Amino acid sequence: MSGVKLNQLIKRYGDVQVIHGIDLEIEDGEFCVFVGPSGCGKSTLLRMVAGLEETTEGQIMIGPRDVTTMDPSQRGVAMVFQTYALYPHMTVKENMGFGLKMNGHPKAVIDEKVAEATRILKLEDYLSRKPAALSGGQRQRVSIGRAIVRGPEVFLFDEPLSNLDAELRVEMRVEIARLHKEIGATMIYVTHDQVEAMTLADKIVVLKGGYIAQVGAPMDLYRDPDNKFVAGFIGSPAMNFLDGTSTGAKAEIPALGKTVRMPKTDKGRAVVMGLRPEHIGVDPKGKTHTVELIESLGGVSYAYLVSETGEKLIVEERGDVRSAEGDNVGLTFENERLYFFDADTEERIR
Ligand SMILES: Nc1ncnc2c1ncn2[C@@H]1O[C@H](COP(=O)(O)OP(=O)(O)OP(=O)(O)O)[C@@H](O)[C@H]1O
Ligand SMILES: [Mg+2]
């Protein structure tokens, strides 16, 4: 087993630079998730580790080995893609063993490894079926099985669950977590689903425009984001942001119709206040906000509010007493729950 280390990794396609000097260390056995909006470079970075994209500059280490210019087959990695790419004319068993067979492994070894992967993925009942006779989730299990039989030092997943329906996604997410527990290999997993990122990762790497916005454990990113981008990306529904101006040790927030305490900073500085939907209460006696819409999911509902100044905000409500559309309300929250960012740089003000 091996960790992965990226040193000053750069990727250019012609004149266009898409990865801008990434430094990252992934520990041996760690589950690392790359997350970020479409086009931020998640797949490119993963494919560079796999050796499917040439590295323009920088270095990729897997364990003690510099693999930067190595062939994909030499790197000790196995990749699982969004599309399962199974051979349609082969059975499940043949699909899983094919890579080993091509590499000239003896049949006994192949059978043993396929049996092990079959057990881990609970595919016993499907071994003689062809891919066309499998559900999406079963097909994806087979493609994960194909990765397992290769016994890689590092598993690479590029959005493996995005072709599955919502229910199956949850099921497979749990399976992948279990797989990681059982085999303990280093895994790098790309997704733009932040629930997957939060639940699977030991370490999340939030990417934005080919740069790292922040690296950390899921709850550290949730509790202590370094910038507005990460604050808005991690957490669902997303953090609310309200414009304001610093008065020194306080911030004047027009949408709240009042000032709130904030870390001391230059008077007059334009700031953005952040507050998560789950950290806001509704005060029926207040009058700063109107409830425009309620989304009721059962155990929880989301109230969509608009302030007199026209700024929108989401409040999460639980329990028996909840707001109704058309209500005129105020907000309650603890000052400790507030985040502040510079309005221009979007960096956190601490
Ligand atoms: N062959 C290429 N030539 C030029 N630009 C490319 C090429 N491949 C990817 N890019 C660009 O590199 C950037 C990163 O792409 P990448 O596929 O890594 O994004 P991603 O984060 O995986 O997005 P998604 O969530 O949509 O899969 C994008 O702006 C993309 O247009
Ligand atoms: Mg991608």
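Residues are numbered from 1 along each chain as its sequence is written, while chains are lettered from A and ligands numbered from 1 in the order in which they are written. In this predicted model local features need pLDDT of at least 70, side-chain atom pairs count only at pLDDT 80 or more, and totals for chains, interfaces and linings use all residues; side-chain values use heavy atoms, with hydrogens and water left out.

Me: How many helices and strands does the protein chain have?
Reply: Helices (H or I, at least four residues) and strands (E, at least two) are DSSP runs numbered from the N terminus. The C-alpha trace spans about 75 × 45 × 30 Å along its principal axes. The protein chain has eight helices and 20 strands.

Me: What percentage of the 350 residues in the protein chain is buried?
Reply: Buried means under 20% relative accessible area, exposed over 50%, and partly exposed in between, with a 1.4 Å probe and protein chains only. By that criterion, the buried share of the 350 residues is 49%.

Me: Which domains does the domain assignment give, and what distance separates their centres?
Reply: Domain bounds come from an automatic or database domain assignment. For this chain they are domain 1 (4–233) and domain 2 (240–342). Taken over C-alpha atoms, the distance between the two centres is 39 Å.

Me: How many salt bridges does the rule find across the interface of domain 1 and domain 2?
Reply: A salt bridge is a side-chain nitrogen of Lys or Arg within 4 Å of a carboxyl oxygen of Asp or Glu. A polar contact is a pair of N or O atoms within 3.5 Å; within protein, one must be able to donate a hydrogen and the other to accept it, and residues adjacent in sequence count only if both atoms are side-chain atoms. Three residue pairs are in polar contact across this interface, both at pLDDT 80 or more. The number of salt bridges there is zero.

Me: Which residues does phenylalanine 157 contact, leaving aside its neighbours within four places in sequence?
Reply: A nonpolar core is a set of buried Ala, Val, Leu, Ile, Met, Phe, Trp, Tyr and Cys residues joined through side-chain atoms within 4.5 Å. Phe157 is among the members that touch the most others in the largest such core, of 45 residues. With contact meaning heavy atoms within 4.5 Å, its partners are Leu46, Val80, Ile144, Leu179, Met187, Ile188, Tyr189 and Val190.

Me: Which residues of helix H1 are buried?
Reply: Helix H1 covers residues 42–50, and seven of its nine residues are buried, so it is largely enclosed by the rest of the structure. Glycine 51, with a positive phi near 90°, follows H1. The buried residues are Lys42, Thr44, Leu45, Leu46, Met48, Val49 and Ala50.

Me: Is glutamate 30 buried or exposed?
Reply: Glutamate 30 is found in the loop between strand E2 (16–26) and strand E3 (31–35). Its side chain makes a polar contact with the side chain of lysine 203 at 3.2 Å, and a polar atom of that glutamate side chain lies 2.9 Å from the backbone nitrogen of glutamate 27. At 12% relative accessibility, glutamate 30 counts as buried.

Me: What N to O distance is found in the salt bridge of arginine 12 and glutamate 57?
Reply: Arginine 12 lies in strand E1 (residues 4–13) and glutamate 57 in strand E4 (residues 57–62), so the pair ties together parts 45 residues apart in sequence. Arginine 12 counts as partly exposed at 30% relative accessibility, as does glutamate 57 at 38%. The N to O distance is 2.7 Å.
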